[in-house]
Amino acid sequence: MSGDRPAAETVPIDAIPEPVAGYDQVAEVPTVAVANEAFAASFGEGAIGDSVEQLLLGAGATEDTAAAVRAALVDGRSVDIELGGGPAGAADAADGYRIRTLDGAGNGAVEGYVLLTERSGGGVGVDSIASVVSHDLRNPLDVANAHLRAARETGDDEHFQEVRRSHDRMERIVRDVLTLARGPDALDTDADVDVGSVARDAWATVETGEATLAVADDLPTVEADPDRLRRLFENLFRNAVEHGPTGPHDGDRAADLRVAVGAAEDGGFFVADDGVGVPPAERERVFDPGYSAADGEGTGLGLTIVERIAEAHGWGVSLTSGDAGGARFAFRPTETDEVA
C-alpha cells in the first residue's frame, strides 16, 4: 500500500446526527461535560454533570458493564460495548444501546467523547436531522452566495460553476440525511437482484473521472432493495474516488484509480480499490457518523449509510486491505437471508 490516507479531521459534535457526549475526568470519574442536540433529545439536558457510569446504568447497562466502561475511559482505552434495556420509560427500551468512544470529534475542550446509539440501528430523530442540515448546509450556502455576488460584479462564468458545485454538495447532504432518516424499516426488496447490474448503474451516476471499474462475472444475486443497494455502491465508489488516489494528477486526480466489484466467500460480494487504503487503526472509525477525512470533502455520513444499508439487509460489512493494497469492503449475510 503506497501513500497515507488523510487523517480524520475534527468534526463538531453538533454535526453528528446521533447522540454524542463529551466527558472530563473529575477525581478519576468520567463525567458528562458537553453534549450535542441529539444527545439532549434522547437523554435530556440533565445528563450533563452526571458520571458516564450513571448514564450507562440509566441506559440499561449492568453495574459490571458500567464499571468496566468507567475503568476503560479512565485508562484512555477505546470502548465498544452493547448495553441491554434502555432509558427508563422509553418505548424502545428492549432494543438496548451501543456505546463507543469517538475520535476526531469536538474541539478539544474536553478529554474524550462517546457515541451512544440505539442498538437496533434505526433512523435518526428529527432533532438530529435538523442538527446535521443546519450545520452542513451552511457552508455550501455561504460559498454559493459568495460566488453569486462575484458573478454579478465580474460577469465571470467560472463563478457559476462554483455555485453548481455547491448545489451538488447540498443535494448530497440532503440525500444522506434522508437515507439515515428512513431507517431499516423502509426496504422494498426484490428476491433476485443482480449485484453486478446494480453496481454498473451506480457507477454511471457518480463522477468518477478517468477511474475504471471492473465487475466480476460470478457475482451473486441477492434479496435486496435495488434503490438502497445502488445507494450503497454510489457511496463506496464516491469514497474511493475522493479518498483513494495515491497522489496528485493533472486534471483528474483519480485517473489511475481502479475499482473492482467481486464475489466474496460465503455468498457475499466486495468493493475494492487500489488506492491508499485505510490504516488498521482507522477501519472501525470510518463507519462512525461525522467521520471525515482531512481534505474536508464528503458529508461524514457516506460510510455510515453504507453500514446502515448493509445492516438493514442482514449483511455484515468488514473493511480490510485489498489485494492491490487499497481499501476492500466486503459484505456477507449474517442472518437467515439466503444469497444465491
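Which residue stands opposite Val-271 in S10? Point 3 has the reply.

1. Ground rules. This is a predicted model, where local features need pLDDT of at least 70, side-chain atom pairs count only at pLDDT 80 or more, and totals for chains, interfaces and linings use all residues. Numbering runs from 1 along each chain as its sequence is written, and side-chain values use heavy atoms, with hydrogens and water left out.

2. The chain overall. I count nine helices and 12 strands, taken as DSSP runs (helices H or I, at least four residues; strands E, at least two) numbered from the N terminus. Of the 340 residues, 48% are buried, meaning under 20% relative accessible area with a 1.4 Å probe, protein chains only. Among contacts with a separation of 6 or more, 62% are between residues 24 or more positions apart; a contact means heavy atoms within 4.5 Å.

3. The five-stranded sheet. This one is open and mixed, in the order S7-S9-S10-S12-S11, where pairing takes at least two DSSP bridges between two strands. S7 (212-215) and S11 (315-321) are the edge strands, each pairing on one side only. Neighbouring strands are turned by 15° against each other on average, direction ignored. S9 (residues 258-264) and S10 (residues 268-273) run antiparallel and are joined by six bridges; in this pair of strands, Val-261 is the residue opposite Val-271.

4. Helices across the sheet. H7 (residues 195-205) lies across S7, S9 and S10, at about 170° to S7. H8 (residues 226-243) lies across S7, S9, S10, S11 and S12 (327-333), at about 25° to S10. Axes here are lines fitted to C-alpha atoms, for helices over the stretch in contact, and angles run from 0 to 180 degrees between N-to-C directions.

5. H9. Do look at this helix: it is largely enclosed by the rest of the structure, because nine of its 11 residues are buried. The buried set includes Leu-303, Ile-305, Glu-307 and Arg-308. Just after H9, Gly-314 has a positive phi of about 80°.

6. The second largest pocket. Its lining has 26 residues, with Ser-78, Val-79, Thr-101, Glu-284 and Arg-285 nearest the centre. At least two lining residues come from each of S4 (97-101), S5 (112-118), H9 (302-312) and S11. A pocket is an open set of points on a 1 Å grid over the protein atoms alone, where a 1.4 Å probe fits, with protein on both sides within 12 Å along at least five of seven lines; lining residues have an atom within 4 Å of a point.

Notes
Buried < 20%, exposed > 50% of the residue type's maximum accessible area, 1.4 Å probe, protein only.
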